[in-house]
Amino acid sequence: MKVSLKKRILIQVGDFKVPVVKSDKSYPHFDTALLSTKKQAAKMKQILESPDLVVHHQFLPVVLRKKAFLRMYFDNNEKRLKMGKKIRPIVEVAHSDSLIFSLYAAMLNTHYEQRVSDLKIKAVATAYRRGRGSNIESSKEVIDHIFLSNHCWIIKSDFVHFFDNLNHRMIKQRVFDLVGGSNGELLADWYVVLRALTKYRDISADDIPNDMLLYAKKHSRYVERIRDLDEAIKSGKIKVSKKHEVGIPQGTSMSAALANAYMLPFDYAMNTLAQSYGGMYRRYSDDFVLLIPKQISRKSIQKVAEDIDVLAQRLAKLQLEKSKTKILLYTKADHVVAKIGEDCHLSNSIFDYLGFVFDGRQVTLRSKGLFKFSHKSRHSVRQVAFQKKELAKGKTVIYIPYQKAYHRLTGQYLNMSEEAQTFRGYASKADRIYHKDNPGYAVKIDMQAVKIVAKCQKYLNERRKRYGFR
């Protein structure tokens, strides 16, 4: 079974370092991918030197795939963890479009980094930026700050459907504020790039005709010529959505850069608010946290949370997710995290941020992540054990599916290696990061991972015995 090799690398194009994915195989789309990094660099250099190529470029509709993910959530009393299904739209951008977006994202990021440096808020946004670390480092920085405070109020929240609700007018204004333009307007190439991302159209993967799918198996593209796509749309053979009027597709090479640029005024205002209290503000994509290490009243902290909601609507035209907005209080004397309710009463709670939980004394992986891993691993074990039983009966037709399932099981769920890119490897890395320069709280991340992987191994042995294997 041949596995496609993928690696993220940086290509120097003029003064910009452009991240691209180096792969020996591309995903199918309506155009052909440039797999050679030399050709990609040459094409981007050509675009950089001749922006008119972008102005006259035909941007293609994105292919929209709906992927089901496990969704873990607590019941109304926040005591019982339940499981459901979440459908997430995944967009695939045309290869030529992706190359343009990658280049313009690199240019936008350069302007963004200069602006946050000028505003003295370089530390605020922690996602989608080279050199700012991962979610692990981001969460540790915040938890360390809380633990070192004698008394710390914590306001944690995120935004309702963040990428889907970004305002198009504000996107263009934010980009203009960073990259400039001519006569108060964006330069033509920037205008075209932003229009392609904001007014994008999509084609459902389920609506792509069989003849196009068969063609893609041989040629890695759905049509021989772009003209064939235009004709298929005009004839009604393939359906394309109307232009979107709000939001941008999540997952393109430029979406992250636009998101950070979009949030600049909000980030600056929130950082100013944090500094007025001697506190800290951090945002990781649409998750943000405000720390206030002062003994202010419960009514006052609720008023601060209300002010943040107003700021989000005024500066970003976004709404806070009410169900995920938490006001917490950490007291060092008791090593306790408590939650404040609408009636201003406090009750024991935890601080859950970017996949890690702090209860006032120790840091662990959050239960949702552990439960999701356990559920998926047990499903994979049952699948492999059953397929092995079927193979023993002589049903060789399932040999390839069995090999794939067994490879996934051993690679993702049974691997105890501390260095592998697996659940245990991730937990081990997080454990090491949290132990480094630890201010005094306990860390039990790796211990949790070892236990749950061991349970998975034990469960596999039980299923083997059930089917008569040793």
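Let's start with helix H4 (residues 135-147), which lies across E5, E9, E10 and strand E11 (326-331). Relative to E9, H4 runs at about 160 degrees. Keep in mind as you look around that this is a predicted model.

What is the sheet under discussion? It is an open one of six strands, in the order E9-E10-E5-E11-E12-E13, with antiparallel pairing. Its edges are strand E9 (280-284) and strand E13 (346-348), each of which pairs on one side only. Going from one strand to the next, the twist averages 25 degrees.

E11 and E12 make a hairpin with four residues between them, and His335 in the turn has a positive phi of about 50 degrees.

E12 and E13 run antiparallel and are joined by three bridges, with Lys339 standing opposite Ser347 in E13. These two strands also form a hairpin, with five residues between them. In its turn, Cys344 has a positive phi of about 75 degrees.

Ser285, in the loop between E9 and E10, has a positive phi of about 60 degrees although it is not a glycine. Is Ser285 buried or exposed? Ser285 is buried, with a relative accessible area of 9%. Tyr128 sits in the loop between H3 and H4, and its phi is near 65 degrees, a positive value in a residue other than glycine. Tyr128, however, is partly exposed, at a relative accessible area of 37%.

Helix H1 (residues 37-49) packs on helix H3 (residues 95-118) at an angle of about 65 degrees, their axes 10 Å apart. The crossing is right-handed. Which residues make the contact? From H1 come Gln40, Lys43, Met44, Ile47 and Leu48, while H3 supplies Leu99, Ile100, Leu103, Tyr104 and Met107. By type, the contact of H1 with H3 has eight nonpolar residues, one polar and one charged.

Tyr104 turns up again in the largest nonpolar core, which has 78 residues. Along with Leu108, Met254, Phe266, Leu290 and Ile308, Tyr104 is among the members that touch the most others. H3 gives the most to this core, with eleven residues. In general, nonpolar side chains in soluble globular proteins tend to be buried together.

Leaving out residues up to four places away in sequence, Leu290 touches Trp153, Ile154, Ile155, Met270, Leu273, Ala274, Met280, Tyr281, Val304 and Ile308. Apart from this core lies another, of 43 residues, including Leu328, Tyr413, Tyr441 and Tyr459.

How values were computed
Residues numbered from 1 in each chain as written. Predicted model: local features only at pLDDT ≥ 70, side-chain atom pairs only at ≥ 80, totals over all residues. Heavy atoms only, no water. Axes fitted to C-alpha atoms, helices over the stretch in contact; angles between N-to-C directions. Left-handed = near helix turned anticlockwise from the far one by under 90°. Contact = heavy atoms within 4.5 Å. Nonpolar A, V, L, I, M, F, W, Y, C, P; charged D, E, K, R; others polar. Core = buried A, V, L, I, M, F, W, Y, C linked by side-chain atoms within 4.5 Å. Buried < 20%, exposed > 50% of the residue type's maximum accessible area, 1.4 Å probe, protein only. Pairing = 2+ DSSP bridges.
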